[in-house]
Amino acid sequence: MGRIGKEVSKVFKSIQRDIDKATVYALNESAKSALVHTIDKLRETYNVKKAGINKLVKIRKATFKKQEVVLSFQDKFMGLQYFSARQTKKGITYGVKHGKRDLLESAFFVRKDSNTKKKVLRGVFKRKGKERLPIKKIYTGVNPGKVLTTDQSLDRMTIDFFKIYEERFYSKLEYFLNKK
């Protein structure tokens, strides 16, 4: 292989590296955007904070060696504190769906973490009787893991993903190729 062959090989390797960079970037950004769109759609129905859903969703990002993105959803019910819960004299009011609020009598917030002594909201609790203890944490019937993995949600997420992926991939590829 002559001098020209080595330079051509070097250029092709550089182009392949740029394609890999654009692919990884587009995969990660598309997965994040598709997930955000799906969560926003969920929030149109349910009166839930984004922080509550984000704790139950994990994104394993793509790398150069492993060019795939994995979204995983925990199969857990959400605590009542994520549904715009407010303390009143009678208990806790909350709204699971938009436009309707309910009252949970004699419930209360626990705001202290016993290990760190910080004022952290741990959840909504209710006593199991007249005694001080035991107390029970209150959960809603909403499971974002199940809601986000229905066929309709997955179809919407897949369509969003591929639409965004195509835009981001070509945009980033053009950027990397013109950078030199």
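Predicted model: local features only at pLDDT ≥ 70, side-chain atom pairs only at ≥ 80, totals over all residues.

Biologist: Which backbone nitrogen lies 3.0 Å from a polar atom of the side chain of S30?

Modeller: It is the backbone nitrogen of Y165 that lies 3.0 Å from a polar atom of the S30 side chain. Residues are numbered from 1 along each chain as its sequence is written, and side-chain values use heavy atoms, with hydrogens and water left out.

Biologist: Why is S30 called buried?

Modeller: S30, which is found in helix α1, has a relative accessible area of 0%, and buried means under 20%, with exposed over 50% and partly exposed in between (1.4 Å probe, protein chains only), so S30 is buried. Leaving aside neighbours within four places in sequence, S30 is in contact (heavy atoms within 4.5 Å) with F161, I164, Y165 and R168.

Biologist: What does the side chain of N28 reach at 2.7 Å?

Modeller: The N28 side chain reaches the backbone nitrogen of A62 at that distance. N28 also lies in helix α1 and, at a relative accessible area of 15%, is buried. Apart from neighbours within four places in sequence, its contacts are K61, A62 and V69.

Biologist: Is F12 buried or exposed, and how do you know?

Modeller: F12 has its place in helix α1 too, yet its relative accessible area is 56%, so F12 counts as exposed. F12 belongs to a nonpolar surface patch of about 550 Å², made together with I4, V8, V11, I15 and L177. Helix α1 (residues 3-45) gives the most to this patch, with 5 residues.

Biologist: What makes β3 and β5 stand at the edges?

Modeller: The open sheet has 3 strands in the order β3-β4-β5, with antiparallel pairing. β3 (86-87) and β5 (102-105) each have a single partner strand, so one side of each is left without a neighbour in the sheet. Two strands pair if DSSP finds at least two bridges between them; β4 (residues 91-94) and β5 have 4 bridges, in the antiparallel sense, and Y94 stands opposite D102 in β5.

Biologist: Why is the positive phi of S84 worth a remark, given that S84 is not a glycine?

Modeller: Most residues other than glycine have a negative phi, and most peptide bonds are trans. S84 has a positive phi of about 45°; this residue sits in the loop between β2 (70-73) and β3, and at 18% relative accessibility it counts as buried. S106 has a positive phi of about 55° and is likewise not a glycine, but its place is in the loop between β5 and β6 (107-112), and at 48% it counts as partly exposed.

Biologist: Which peptide bond is cis, with omega near 5°?

Modeller: That is the bond from L133 to P134, and P134 lies in the loop between β7 (119-127) and β8 (135-137).

Note on methods:
Patch = residues over 30% accessible without salt bridge, like charges linked within 9 Å, V, L, I, M, F, W, Y side chains within 5 Å. Areas by Shrake-Rupley, 256 points an atom, 1.4 Å probe, with all protein chains shown as cover. Salt bridge = Lys/Arg side-chain N within 4 Å of Asp/Glu carboxyl O. Helix = DSSP H or I, 4+ residues; strand = E, 2+ residues; numbered from the N terminus. Polar contact = N/O pair within 3.5 Å; in protein donor to acceptor, adjacent residues only side chain to side chain.
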